[in-house]
Amino acid sequence: MKVLILNFLLLLSLGSIAQNTIKGTVSDPNGNLLPGASLTVKGSTRGITTDFDGAFTLVASVGETIEVSYLGYESLSFKVDSKKTYAIVLQESANQLDEIVVVGYGTQKKVNLTGSVQTVTFKDEVNQPVTNSGQLMYGRFSGVQLSQTSGSPGADGSSIQIRGIGTFGSTTPLIVIDNIQYEGLGAFNALAPSDIESISVLKDASSLAIYGARAANGVVLVTTRKGKADKFEVSFNSFYGIQQATIKPEFLGSLDYANLMNEKFRNQNGVNFDPRYTPAQIDAIATGSLPDQFANTNWANEVLTLAPLQNHNLSISGGNNKTTYRLSLGFLNQEAIVRSKFSTERYNMSLNINSDAKDWLKISSVTNAFWRINKGPAGGQDAFDGDNGIIYSFQRAAPTIPLFYSNGQYGFVDGAYLNTNASLGTQNPLRRGYFGNYESNQVNISTRLGLTFKITDNVTFETSGSANLVYTDESNFSPRNTQKDWDGNIIIQNDLNSLSNSSNFSRTLLNENIIRFSKTFNQVHQFDALVGHSIYYFKTDGFNGSLSGFPTDNIEEFSGGGIVEPSVGGGAAEDVKQSFFGRLKYNYDEKYLAEINFRYDASGSAFGPDNLYGAFPSASLGWKISKENFMKDVEVINDLKLRVSYGLVGNDKGAGRYVYEQTYNPGLDYVLGNDVIVGGVAITSLANPFIRWEQSELLDFGIDFGMLRNKLQIEVGYFRKNSTDILYANFPVPATVGVTNIGAKNSASMVSEGIEFNGSYRGNIGGLKYNVGGNFTTFFRNEVTSLGEGGEETITASNILRIGEPFRAYFGYQAIGIFQSINEIANAPTQFGNTATGPGDIRYADANGDGVVNQDDRVVIGNPNPDLLYNFNASFEYNNFDFNFLFQGVYGVDRLIQGNGNLPMVDDRSNVLTYWLNRWTPQNPSTSLPRVGGQNNQIVSDFYVQDASYLRLKNLEIGYSLPSDVLKKMNLSKLRLFVGAQNLLTFTGLENFDPERGSGTQSNRAAPLYRTITLGINLKL
């Protein structure tokens, strides 16, 4: 009995230990209590958050570990002992106070930046359902505009434009991935998103000048993930998704189409017109009695479809205190939302090794590689272009043509093709998507080896070599082509098949050598400096061949017996650049900051010996007002900094190669004597030996706030980019010179000016952690300011280069109404000298008042460049759930859209969008839509300019992570399931087509953009 009593008392004693209750508070170093701080018993689901006074009460056993965290502060843990009360002090997070951002040739503390640099760090895996990594930038950076023009697999990359337009040539920024420099976006877009650790955008002279002539359009710096010492980790990230078009255009059905087509001919030819569709055929269309001859095909519904998307990434990382490593392998597969052969596969590999080999030697090695396979029908991406393009066929293919005839053949004509006013055969868009074969293989390998030598405690020397090798092979086979009607009668027959092959190999080599110095004097004077030299070499070689007349369509190789029209070609090009660069930074007591950058560039293939080199300096200043004594008592402001920068950057992208040397065109043969052909060459374009660098003068003012214990972060900046010496070639050439054009001259200029704002706030509400943010950029000006002395305006069919106007502003006529009567036409200025103008036609303004409407009355009718970019985002965490979203918006941008169903039946086959049912007729005298088949209703005018402003839910993600005690039983460190979406919602006034398009009049003929829904997993061992 005594033993039982003793055991019972012992159990009570152990129970009292297990049910130990502890109390306390959580505060910051200044004694401010932190409400909403999270306390969790490690390895369990037990936890609590501090109350409004920062106090807590928690049941925990002696010896258990308590983990304490609070957003914006460093987490800590402690073991429960015999104490009952704890006073916990959290230190402010170094991520906020000492956040490191990547800049050109180095890193800096964010709080000490004097330039305009924005960085996004991906602390965890990237789950956005993007097919190219450039899309990760949507909505995350102020001053950065991305536009995706196509949704075709393998060709759905977005353009990137930083702070407007500053040149008449390419506006693509310089891309730097792990210190390897790239022209174009290809390598960035093909990088596996899971491999990316951070993306930085350099925007002002202070941050850009170190890259000199390669930085005129801005710089995007990308850093990939590295291994961590003493932490072996295996990660697997995967998602599977379904894509569909963001919007589907609505075209007329067969009956409406046939009636409007007849109406069109009546308007053109009068009451005695020859109808396209007879009354009997109209009846067959209405009743569906002759489905082979007169169907009711909705081409958009038939061609657009759901398409799968999958992405998988496996990585292994680890290391010790000397060497770290990370190896990752990735796979992407995407099929097209257009029923077709289009698809893309991409295989990625990334290897990152860093080693402190000796106390005086560091070695870094990084390799990023991908193999991309694009497949499609004959023509590849060209299958979307031209009059026979797949998407354009929504308009050109009459809905009366069936998708398939009852005999299984693709529909090509309808029953009216035998009429006297015959309908026209049209490329069946479904057939086009499966006709022939195209395949492109691209292997891209980038590697860099860097050695850093410690010379003294304050001086290091770094030398590196990088190579980017790209091999591309393309094959395109077009089989024989026979088109028949529903009875098997041949309408078109081409018995000549053809094959074309091409290959290209390019290599970019870069060697850089940098000496760095860093030293602090008297504890308050900190100096950092670097000087460097680089050599850049690029060469590309290409070869192509074609052959026709193969005996069979089943062998798609040159050895298959083709004997007709053999052709070969090829070419090569190379660039060489040399640069000297340097930077000097001064920091006085973390209060006053100064920085000078300089670059001296030479471009051997672009400029002659007199203009070979260009100098690009910059200077910047910063004042951390929050460090002043008079700010010590201002508790609400934790960080306040003013910054200003000024400098120059250059540009040689528009120069071309060897424009400074006179070239001669071969193949301009002469006929002498008795028809004897003598080979000859001729000068057709004059060289410009004075060609030199384009130059941009950049001015930037900024103010940065950190408030409420740095929970609130605000950055506001003004920027101005004045670009001069822009290359321009539209100058009059006297006929007596004997050439048709001259080499581009450094003559034009333009300016881009605006304001940027970035803001974010993070906090807790009990156990809910949240972070909300947003940014906007407004452009005061982005216009051409000069074309040079004697420079003439460049006018195309739809846009113009004109002083005082936006770059390539839309140019055309002003539509001021719809003519309603013959009398109104008689009293109006003559419309293009056309006496056939009738009621229902568009009335155009006589802009110059000369009584006649003609080409002299064209004016600027729209701006393809936005007035405002705006974005906002938020993320939330509660217990094991997380949720985040991102909205992206563009305001004040115009689109001139004439390419797909927008014109009022101006040719003899095309369908129109459903809004044309409200066209002008005598019974419906519309004041907003003209008649079909009228006069001059298709010309470029503001009638076709639409506001393409939009707000889009770009990304959304909801995730759930298994609790740590469950993971422990599974021997996992993380298991998270998530659902994601891209382009889920779009708010816009533009109908039938996606507003995120290029500025061309036919941009709506490209492959539609897609929305994506995904389901995925993040797993760590």
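This report looks at one threonine, a strand pair and a helix in a predicted model.

## Ground rules

Local features here need pLDDT of at least 70 and side-chain atom pairs count only at pLDDT 80 or more, while totals for chains, interfaces and linings use all residues. Residues are numbered from 1 along each chain as its sequence is written, and side-chain values use heavy atoms, with hydrogens and water left out.

## Around T777

T777 sits in strand β41, residues 768-786; strands are DSSP E runs of at least two residues, and helices are H or I runs of at least four, numbered from the N terminus. T777 counts as buried because its relative accessibility is 0% (buried is under 20% relative accessible area, exposed over 50%, partly exposed in between, with a 1.4 Å probe and protein chains only).

The T777 side chain gets to 2.5 Å from the backbone nitrogen of G143. Leaving aside residues up to four places away in sequence, T777 touches S142, G143, F719, I755, E756, D867, L868 and L869 (contact means heavy atoms within 4.5 Å).

## The β11 and β12 pair

Strand β11 (residues 144-148) runs antiparallel to β12, with 5 bridges joining them; pairing takes at least two DSSP bridges. V144 has I162 as its bridge partner in β12. As for cover, 4 of the 5 residues of β12 (158-162) are buried.

## Helix α6

In α6 (residues 279-287), Q281, I282, A284 and I285 are buried. They line one face of the helix, since they fall within an arc of 160° seen down its axis (taken from the directions from the helix axis to the C-beta atoms).

That buried set packs against α5 (254-269), while P279, A280 and A286 are exposed on the other side of α6. Just past α6, G288 has a positive phi of about 70°.

Note on methods
Polar contact = N/O pair within 3.5 Å; in protein donor to acceptor, adjacent residues only side chain to side chain.
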